[in-house]
Amino acid sequence: MSRVVLGVAGGIAAYKAVELLRRLTESGHDVTVVPTRAALEFVGAPTWSALSGKPVRTDVWTDVHEVPHVRLGQEADLVVVAPATADLLARAAHGLADDLLTNVLLTARCPVVLAPAMHTEMWEHPATQANVATLRSRGVQVVEPAVGRLTGKDSGKGRLPDPEALYDVANRALSGRPQDLAGRRVVISAGGTREHLDPVRFLGNRSSGKQGYALARTAAARGAEVVLVSSAQLPDPAGVTVRRVTSALELHDAVLAEGKAADAVVMAAAVADYRPVERLATKRKKTDTLTVELVQNPDVLVELVAQRKPGQVLVGFAAETGDADGDVLTHGRAKLARKGCDLLVVNEVGEAGHPTGFEGDVNAATVLAADGSAHDVPLGSKDALADAVWDLVAARLPEG
Ligand code: CTP
């Protein structure tokens, strides 16, 4: 059981923190909720108190004999603030201590996660961005807001990620991840691309995107700024900028554009090698036989290697089966040389029932490096493989 302080600042997204509180307490954590006075305008103290099973205070003048303004922060294993408003970020960045929550932030020596939510203009304002940069430079994990519907009819960047995703971030922070990717920008591609034949049909593959999403989640948990170029049908991970694509050509354009300024790019997507020469504007009618002419798609990884900036680390994936010409690793080594990337994550895929790869939640791989080394990652969760990949990437990044 961990001791978690859930800070709640005064934003409409406070209602999502109720669900986060539920998830944290149901999974056995001891949660103390510290709302700001403004937060109670949105969700009242009885809600926080009933769900946490504890009294709720906002100021330092209640139960003074317990010295809560020092004790809560000192004893916490995690402080997570959701939503963190522009005002809360400013007060935290400047070390103000004018209510209980800001006192907790000053006394906490555990991981601190702030999940901002506000209107796009407020988030983008240089004052807010400077406060976020200051907080991050001190090791605070500031979750990137999601893009989507805001309070009214407007939409943009500034949404609080969903409680499920925030719960995931909180759990990762509790596991004491190193922030070794802080200040790094990483781009990850995920999912199988779809090549449309007509408005209804496409050529696709079995990739679920789960490994790419695991890479995105773990990189964000280690402090990276993450762009996920995705053709998968999975919910957005918290703190990750998601760019949705469908076809290999769309993925190509997004990854090459985002990759220009990246410290590392991981190509976990199963990019279709071919696309139909022609995409019909209307649904194709049935004929006795059908021949579809295909043309090769550009190789994104090879183009990334060609435009690589100094110090950038490039990672490819190779799902192999082994055949008469060689086993899985022989094909892997040849592919690493052909593509010219720094690391190639090689995993064996097989028929239905095979434990690794595609739709499952587990994976095992050998990561081949351009320096000739090979690193075996035993069968485990896709998150564990993702962390192993980031360990190897972090070791190759130039001093930041
Ligand atoms: N890849 C890419 N662009 C493509 C095809 C693949 O960037 N058009 C990337 C994949 O994302 C992966 C790596 O290249 O990281 C290897 O993909 P794979 O399909 O195994 O490679 P291919 O070059 O297509 O080789 P094969 O002949 O085995 O299909």
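The model is predicted. Its chain holds 14 helices and 19 strands. With a radius of gyration of 24 Å, close to the 21 Å given by the globule rule for 400 residues, the chain is as compact as a globular protein of that length.

**Overall dimensions and surface**

- The C-alpha trace spans about 80 × 50 × 40 Å along its principal axes.
- Of the 400 residues in the chain, 50% are buried.
- Among contacts with a separation of 6 or more, 67% are between residues 24 or more positions apart.
- The chain exposes about 18500 Å², and carbon and sulfur atoms supply 52% of that area.
- There are 43 positive and 49 negative side chains, and the centres of these two sets lie 3 Å apart.

**Nonpolar cores**

- The largest nonpolar core comprises 35 residues, of which Ile 188, Val 226, Trp 390 and Val 393 touch the most other members.
- Helix α14, covering residues 382-396, gives the most to this core, contributing 7 residues.
- Apart from its neighbours within four places in sequence, Trp 390 is in contact with Leu 181, Val 186, Ile 188, Leu 215, Thr 218, Ala 219, Arg 222 and Val 266.
- A second, separate core has 31 residues, including Val 56, Val 80, Ala 115 and Ala 165.

- Leu 100 belongs to helix α6, which covers residues 100-107.
- Because its relative accessibility is 0%, Leu 100 counts as buried.
- Once neighbours within four places in sequence are set aside, the contacts of Leu 100 are Val 34, Arg 57, Thr 58, Asp 59, Val 60, Pro 68, His 69 and Leu 72.
- Trp 61 is 39 residues from Leu 100 in sequence, and the two C-alpha atoms are 8.8 Å apart in space.

**Helix α5**

- Helix α5, residues 86-93, is mostly covered, with 6 of its 8 residues buried.
- These buried residues are Ala 86, Leu 88, Leu 89, Arg 91, Ala 92 and Ala 93.
- They pack against strands β3 and β4 (112-116), and against helices α6, α7 (120-124) and α8 (126-137).
- Gly 95 follows α5 and has a positive phi, near 70 degrees.

**Backbone geometry**

- The peptide bond joining Ala 82 and Pro 83 is cis, with omega about -5 degrees.
- Pro 83 lies in strand β3, which covers residues 78-84, and β3 is one of the elements against which the buried residues of α5 pack.
- Asp 63 is not a glycine, yet its phi is positive, at about 50 degrees.
- This residue, Asp 63, is found in the loop between α3 (45-52) and α4 (68-75).
- With a relative accessibility of 29%, Asp 63 counts as partly exposed.
- Val 67 also has a positive phi, near 45 degrees, in a residue other than glycine.
- The position of Val 67 is in the loop between α3 and α4.
- Val 67 has a relative accessible area of 37% and is therefore partly exposed.

Technical notes. Residues are numbered from 1 along each chain as its sequence is written. Side-chain values use heavy atoms; hydrogens and water are left out. Helices (H or I, at least four residues) and strands (E, at least two) are DSSP runs, numbered from the N terminus. The radius of gyration is taken over C-alpha atoms; the globule rule is 2.2 Å times the number of residues to the power 0.38. Buried means under 20% relative accessible area, exposed over 50%, partly exposed in between (1.4 Å probe, protein chains only). Contact means heavy atoms within 4.5 Å. Accessible areas come from the Shrake-Rupley method with a 1.4 Å probe; for residues, only the protein chains shown count as cover. Lys and Arg count as positive and Asp and Glu as negative; His and the chain ends are not counted. The place of a charge is taken as NZ of Lys, CZ of Arg, CG of Asp or CD of Glu. A nonpolar core is a set of buried Ala, Val, Leu, Ile, Met, Phe, Trp, Tyr and Cys residues joined through side-chain atoms within 4.5 Å.
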